[in-house]
Amino acid sequence: MALEQTWRWFGEADPVSLWDVRQAGATGVVSALHHIPNGQVWPVSEIQQRKAIIEQHGLTWSVVESVPVHEDIKKQQGNWQTYIDNYKESLVNLAQCGIDTVCYNFMPVLDWTRTNLDYPLPDASTALRFDLTEFCAFEVYVLKRPGADLHYPDSLKQDARRWLDSASETDLKRLTRTLIAGLPGSEESFTLDAFADALATYKDIGDQELRNNLYEFLRQITPVAQDAGIRLAIHPDDPPFPILGLPRVVSTEADARQLLRAANSPANGLCFCTGSYGVRADNDLVGMAERLGDRIHFIHLRSTQREHTEGLLESSFHEADHLTGDVDMYGVMRALLQEQKRRQAEGRPDLRMPFRPDHGHRMLDDLASGKPTNPGYTAIGRLRGLAELRGLEMGIERSLFQS
Ligand code: DNO
Ligand code: MN
C-alpha cells in the first residue's frame, strides 16, 4: 500500500482547478474554509458544501489545512477560552462530515515567511527564498524593531546596510510586501505600523509561555479530537527558528516530542514538513521519520538548500527541486513507507498517510506574465514535484516490499 497523494486547493478562487488536481494524479484534496473568520465555528453546512464540490470531481477531502488557531489562544488573552471552545466545535463538525485529519500551526503573528517569491534559478524557473541579509535589513532598518540591532552580528548588519543602499524602491516594496502581506494560507495581513503593534503584543510571551499556551490548547482539544475520531497534525515553524523576537516552539525533534507528550494520545500528532524542519542542519529528517512515524498524520514533501551563516542558528535558504537540496528524500520516503507497512501489519485504524508536494517552482507556462499563480502553489511546479515523488515511492516500494 502506497502513501496517499494529495494536493492543496484554496477553494473556488484558486487558479488551479480541481480538474487540474485530478490530472496531476492526486486523489486527495487538502483544503480549508478560508472565508470563515479566524476563531469562528465552521458550520456543518459549509463543510458539506466544500466536500460536495471536491467529490464532484472524483476526489476526496483528505485533510483540512488549516483550522487556524486564533492569536488570543497563542497568547492566552482576551477570548481565548471561547476560541478554544469554538475550535472543539469545528473539530466535531468536521468529524460529523467524515473528515478525520486536521492540520494547524502555532506560529505567532506570521505564518510561513519568505523574502523573495520569484528567486531566479539557473534554469530560468523561480523559487521561494528566505534571505537572511534582506530579512535583517527589513527588521533592523525598515521596521526598526527595538532590540533587533543587538541580535545580529556586525558583519551581517553591514551586508544588510549595503543591500539596502543598493536596493531600488521596487526591491524594498517587494521585500516589505512579501514579509507582511501574508503568504497563501496565512490568516493575517498587515501594514507596517499594524505589524509593529502585533509584534509588541508578544512582549511578555517568551519561549516558555508560548509552549505552555500550546500545551494547554492541546490538553483541551486532544480529548475532543480523540472522541470524534480526528487526527491532529501540527505544522512546524517555517523557518524553524525564532524570528523578529518572537518565540517559535515547533522547530526541532525535541519540540515535537515535548508537544506529543503534553497530550499523550494518538489523536495528537504531527504534520511532517520536510521543507520546514529541513532548514535546520541539526534536524535529522530520516531519523525523525523513523522515530516519530507513528504520530505522523500528514506529510509535506519538499526540499530546501540552506546557506549557513557563521555563528547563527538562522540561515538563508531557497526551495530546491523535490529530489535535490539538503533533504534526503529517498531516506525520508523509505522511512515513511516502512511506517505505512507497520500500520498495515498492525491493522491500525490510522492507516492512511496523506502527503502532498508542499510547494513547487514557477516554471513553463506558469511563468507567462499576467498568469495568476499563488506563490509556491503553482500547478506545474507541484505537478513536477508530485510526479518525482510518486516515481521515487514506487521504486522504493517495489524494491523493498515486492521484489
Ligand atoms: C510551508 C507551507 C505552508 C503551510 C502553512 C501551515 O511549509 O506548507 O503553506 O502549509 O504555513 O499551516
Ligand atoms: Mn509545509
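Which strands does helix α15 lie across, and at about what angle does α15 run to β12? I looked this up before anything else. Helix α15 (residues 379-401) lies across β1, β9 (296-301) and β12, and runs at about 130 degrees to β12. For contacts I take two residues whose C-beta atoms, placed from the backbone, lie within 7 Å. Axes are lines fitted to C-alpha atoms, for helices over the stretch in contact, with angles from 0 to 180 degrees between N-to-C directions. Helices (H or I, at least four residues) and strands (E, at least two) are DSSP runs, numbered from the N terminus.

**Model**
I am working with a predicted model, where local features need pLDDT of at least 70, side-chain atom pairs count only at pLDDT 80 or more, and totals for chains, interfaces and linings use all residues. Residues are numbered from 1 along each chain as its sequence is written, while chains are lettered from A and ligands numbered from 1 in the order in which they are written. The mean pLDDT (the predictor's confidence in each residue, from 0 to 100) of the protein is 96, and 100% of its residues reach 70 or more. For the complex I noted an ipTM of 0.95 and a pTM of 0.97 from the predictor.

**Barrel**
I traced 8 strands that close into a barrel with parallel pairing, in the order β1-β2-β3-β4-β7-β8-β9-β12. Pairing here needs at least two bridges found by DSSP between two strands. From one strand to the next the twist averages 30 degrees. Glutamine 5 stands opposite phenylalanine 355 in β12.

**Open sheet**
I also found 4 strands in an open, antiparallel sheet, ordered β5-β6-β11-β10. β5 (116-120) and β10 (304-308) stand at the edges with a single partner strand each, so one side of each is left without a neighbour in the sheet. Inside it, β6 (residues 126-130) pairs with β11 (residues 315-319) over 2 bridges, and arginine 129 stands opposite histidine 318 in β11.

**Ligand 1**
Which residues come nearest to ligand 1? Of the 13 around it (C-beta atom, placed from the backbone, within 6 Å), I listed Ser66, Asn105, Trp112, His235 and Asp238 as nearest. The shell divides into 2 nonpolar, 7 polar and 4 charged residues. Ala, Val, Leu, Ile, Met, Phe, Trp, Tyr, Cys and Pro count as nonpolar, Asp, Glu, Lys and Arg as charged, and the others, Gly among them, as polar.
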